[in-house]
Amino acid sequence: MLISSEDSFLKLSRGVIRDLSRVYGSLTDEIIRRLHTPPKRLYARVNTLRASRSDIIAKLKREGVMAYPDEQVEDAIYFEIEGPFRVECQATGRVVVDSRTAVSLMLGANLYRPGVVWAARFNKGDIVLAVTRENIVVACVEMTISYSEMLRTSRGLVGVNVASPYKAPKLAETSVYLEGLIHPQSLPSIVTSHVLNPRRGELIVDMNAAPGGKTSHIIQLTRGGALVVAFDRSIGKIKMLQSTLSKLHLDLNVITVPWDSRYLHVDFNLRGKVSRVLIDPPCSNLGVRPLVESKKWRDVVNLSEYQKQFLKTARELLKPGGVLVYSTCTLTLRENEENIAYAVEELGFNSVEPAITVPYAEKISYRGVVAYRYSPLLHDMPGYFIALLQK
Ligand code: SAH
């Protein structure tokens with residue numbers, strides 16, 4: 001079968017397109033087209049507590065992987081993404097993967113057990129189509145174990161990517177990844193922790209911590225000198241967070257708690273005690289490139305209401321003068337600017353500018369609120385939003 005770009009083109013609902021057009025107007029079609037392609041650069045964060053950026057780049061080069069230092073963010077490196085390629089394969093079955101895995105597979109990564117959601121019976125050596133829950137085809141995979149072996153295991157390689165529309169180095173197989181010296185993370189997510197600007201000696205709350213990209217970065221930036229309390233709502237997610245922290249050797253001065261963080265001010269003795277709060281809430285993910293999962297408009301509306309609840313709680317937790325960073329990997333006003341305007345107008349936060357210049361972002365002003373927006377049209381970035389508030 002030939003995977004055409006149509007097979008991997010997700011149809012967005014009319015309401016979602018309308019929300020995007022409130023931001024992008026006549027550029028909406030162009031934005032949607034860009035969202036379906038990956039950026040030219042794949043980013044990772046260097047674990048600067050354990051290695052220097054130049055050592056990591058040199059080590060990768062010895063393994064035949066070319067990495068480059070980002071020009072503006074000192075702990076970021078990037079890899080080049082090639083493509084698009086015409087993808088052809090004779091597949092005999094299907095395996096359904098989660099959306100995070102779908103993005104990696106589109107970039108040529110191999111398939112690991114945790115990413116598999118469901119599979120039709122297959123034999124070892126079969127070529128299968130990897131598809132998302134919405135049946136978007138993302139790659140062809142040659143299964144390296146049998147179906148029954150796969151059911152018995154919860155980790156490890158299950159298939160080799162034999163054809164994908166894009167190609168990037170397989171980061172998960174590099175020594176620097178396996179040794180916890182880098183953490184794959186988008187450039188805007190790396191910038192988010194810099195905007196938070198955590199300091200040693202502070203009490204910092206991460207309200208939506210798993211899988212731990214930003215929590216681990218906060219610990220890295222403070223060299224373990226701040227007390228970080230990291231929440232996520234399920235035990236499974238907290239296990240992912242713990243495994244990120246221990247892999248990176250960054251489980252320093254951090255408490256991980258499985259909890260619904262909308263009620264922290266009631267459930268924990270944290271009211272008025274926290275210096276910095278990070279809210280990185282579930283969102284409609286419309287900025288993720290390539291876009292592989294669609295949300296209905298109703299979901300976007302519900303998510304924006306849900307996100308407001310974290311803002312309310314953060315106000316209770318923060319000390320006077322304490323700061324809050326709110327970030328999402330999406331593009332709707334409803335989940336971004338309007339929520340921040342709500343925090344200022346209804347909750348009494350002040351909108352403030354970060355101590356650093358926010359690299360590659362567009363500075364925007366909305367109802368008197370300052371925020372930063374990453375756009376697929378500007379610098380070929382994922383779609384992303386960051387705002388800094390002060391109590
Ligand atoms: N900050 C993370 C990514 C967060 S994704 C990183 O940088 O790696 C959003 C997270 O919010 C998900 O892990 C989800 O489980 C969590 N979440 C959703 N609702 C929540 C709630 N009510 N309380 C705490 N965490 C919640």
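Reader: Which residues come nearest to the ligand?
Author: In this predicted model, Asn-208, Asp-232, Asp-260, Asp-280 and Tyr-306 come nearest, out of 19 residues around the ligand. A residue counts as near if one of its heavy atoms lies within 4 Å of the molecule. Residues are numbered from 1 along each chain as its sequence is written, and side-chain values use heavy atoms, with hydrogens and water left out. Local features need pLDDT of at least 70 and side-chain atom pairs count only at pLDDT 80 or more, whereas totals for chains, interfaces and linings use all residues.

Reader: What is the make-up of that shell by class?
Author: The shell has eight nonpolar, four polar and seven charged residues. Ala, Val, Leu, Ile, Met, Phe, Trp, Tyr, Cys and Pro count as nonpolar, Asp, Glu, Lys and Arg as charged, and the others, Gly among them, as polar.

Reader: Which polar side-chain atom lies 2.8 Å from a ligand nitrogen?
Author: That atom belongs to Tyr-306. An oxygen atom of the ligand is 3.3 Å from an N or O atom in the side chain of Lys-237, and an oxygen atom of the ligand is 2.9 Å from a polar backbone atom of Gly-213. A polar contact here is a pair of N or O atoms within 3.5 Å.

Reader: How much of the ligand does the protein cover?
Author: The protein covers 90% of the 590 Å² of accessible area that the ligand has on its own, by the Shrake-Rupley method with a 1.4 Å probe.

Reader: Which elements give two or more residues to the shell?
Author: They are α8 (213–221) and α11 (297–317). Helices (H or I, at least four residues) and strands (E, at least two) are DSSP runs, numbered from the N terminus.

Reader: What about the phi of Asn-253?
Author: Asn-253 has a positive phi of about 55 degrees, although it is not a glycine. Most residues other than glycine have a negative phi.

Methods
Polar contact = N/O pair within 3.5 Å; in protein donor to acceptor, adjacent residues only side chain to side chain.
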